[in-house]
Amino acid sequence: MIQPPLLRRARGLLAVTLLASAGCSAEQSLREALAPSLTPHERYAKRLRDAGLDSTALGSGWIAAANRAIADPVFIGLPFRETGYLSPTETRAVAYRLTLRRGQRLALMLEVADSTGMPMFVDLYQQPADSTEALDHVASAEPGARVFEYEARRDGAYLLRVQPELLRGGQYTLTLESGPSLAFPVSGRDSRAAQSFFGAARDGGRRNHHGIDIFAPRGTPVIAASSGFVRNVGVSSLGGKVVWVYDAKRSQSLYYAHLDSQIARPGAMVNIGDTLGLVGNTGNARSTPPHLHFGIYRRGEGPVDPFPFVQRSRATVTPVLVDVGDLGDWVRTAAATVTLRAAPADSAVTVVRLPRHTVLRIESASGSWYRARLPDGASGWMSARFAERAQRPLRTERRLEVVTVREAPGSAAPAMESVAAGTGVPVLGRFADYLYVQTPGGRTGWVAAEDGAR
């Protein structure tokens, strides 16, 4: 492992190399200025390539780590909070797979423990329904930003990737929440007041409901869910007294119907929260209790489901409830069988079942769960109560007589230390056909089980 003085020297050399590359010519600076389509992550990768660092182990490893994270994301639900650790001596990235509805707003907050700051790249992609298609990049955080928001334009799965600059790392806390992109259109109410939803059958199935119905007492103020231009104030047989507001920011029209009275005036500009009218039951709602019919329409598409635009989840983010002192360290399983799952929930899909004393590295903590990675690269979530530090020798194991201690469990792994035949070493854990041991010098590594006697 790189020691701190060497790490600082490597950072300095990297900074000098990138600085020299970035300032090598006015022509290159002009090319970068004329390439606004590149994300901050892509610009940084380009600087690595321009400096020739992509052919080094560090540079190529950084680029490969970004691709691996996207190929092997962490499955999460929202809201979500995780405290993790990214080692500055390793080229790592992490990607999270989450689901958003069109109209939902994703909010990210990133906190870093390092007081000097940890430069992080944050990129959001949408995953196409056809797995053969390329990911669609939809947003990136500004370099150094710790807060990031995005309004989903399509339903589906999204991948959020977080990666520090080369030779940067440390402990971080990531919080992800989803919420409405629009204000709720009835004063004093929330999404619990909606009782009839988009797509429901109407008139014996001859048509579908093109909005949501929000029930409230007659005369309750109906308010602007977004800033916009009052395009129309009128009366129709279906909607009764209606108001149309054009939301230019999102290129959509908001429809407020069944009003008891209209307050907005055609051509006026309104801000979020301005009163447009009062709840009623005009039009074809005369036989129903007073309510607002709220709809969203887009040119060339027609009506879209407005509920995700105004729904505020009542779920609260679960705080990290476990000790984060083991982040980045090796632990071992402390039960006869420990299940590694695809998400931090007992109901999540099983990744693998591990026998007692299997060694894993803790990468993050969320709620009462650890996200851990096995020596072969497989990862998943385990209940933190089934993890113990891999420090004390196992009482159930005899000391082994070994020759070669390796950095990883595999015959191709680099040899880190040679131990004279007959020397006893304590066993701290196991993985597959290898044992995790501590050498007489206090270092930890791996030996093949057949190299010694149990």
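Glutamine 126 counts as buried because its relative accessibility is 5%, where buried stands for under 20% relative accessible area, exposed for over 50%, and partly exposed for anything in between (1.4 Å probe, protein chains only). The model is a predicted one, so local features need pLDDT of at least 70 and side-chain atom pairs count only at pLDDT 80 or more, while totals for chains, interfaces and linings use all residues. Residues are numbered from 1 along each chain as its sequence is written, and side-chain values use heavy atoms, with hydrogens and water left out.

Back to glutamine 126, which sits in strand E5 (residues 120-127); helices (H or I, at least four residues) and strands (E, at least two) are DSSP runs, numbered from the N terminus. Leaving aside residues up to four places away in sequence, glutamine 126 touches Leu135, Asp136, Val138, Arg154, Asp155, Gly156, Ala157 and Tyr158, a contact being heavy atoms within 4.5 Å. Take aspartate 155: 29 residues separate it from glutamine 126 in sequence, and the C-alpha to C-alpha distance is 9.3 Å. A polar atom of the glutamine 126 side chain lies 3.0 Å from the backbone oxygen of aspartate 155.

Strand E34 (residues 434-438) is mostly covered, with four of its five residues buried. On one side of the pairing list, E33 (residues 427-431) runs antiparallel to E34 and is joined to it by four bridges; two strands pair if DSSP finds at least two bridges between them. Phenylalanine 431 has tyrosine 434 as its bridge partner in E34. The E33 and E34 hairpin has two residues between the strands, and alanine 432 in the turn shows a positive phi of about 55°. E34 is also joined to E35 (residues 444-448), by five bridges and again antiparallel, with glutamine 438 opposite threonine 444. Five residues lie between the strands of that hairpin, and glycine 442 there takes a positive phi near 95°.

Within H3 (residues 40-50), the buried residues are Pro40, His41, Tyr44, Ala45, Lys46 and Leu48.

As for the surface, methionine 269 belongs to strand E18 (residues 269-270) and counts as exposed because its relative accessibility is 63%. Together with Phe229 and Tyr246, Met269 makes a nonpolar surface patch of about 310 Å².

Methods: Patches are made of residues with over 30% relative accessible area and no salt bridge: like charges are joined within 9 Å, nonpolar side chains (Val, Leu, Ile, Met, Phe, Trp, Tyr) within 5 Å. Accessible areas come from the Shrake-Rupley method with a 1.4 Å probe; for residues, only the protein chains shown count as cover. A salt bridge is a side-chain nitrogen of Lys or Arg within 4 Å of a carboxyl oxygen of Asp or Glu. A polar contact is a pair of N or O atoms within 3.5 Å; within protein, one must be able to donate a hydrogen and the other to accept it, and residues adjacent in sequence count only if both atoms are side-chain atoms.
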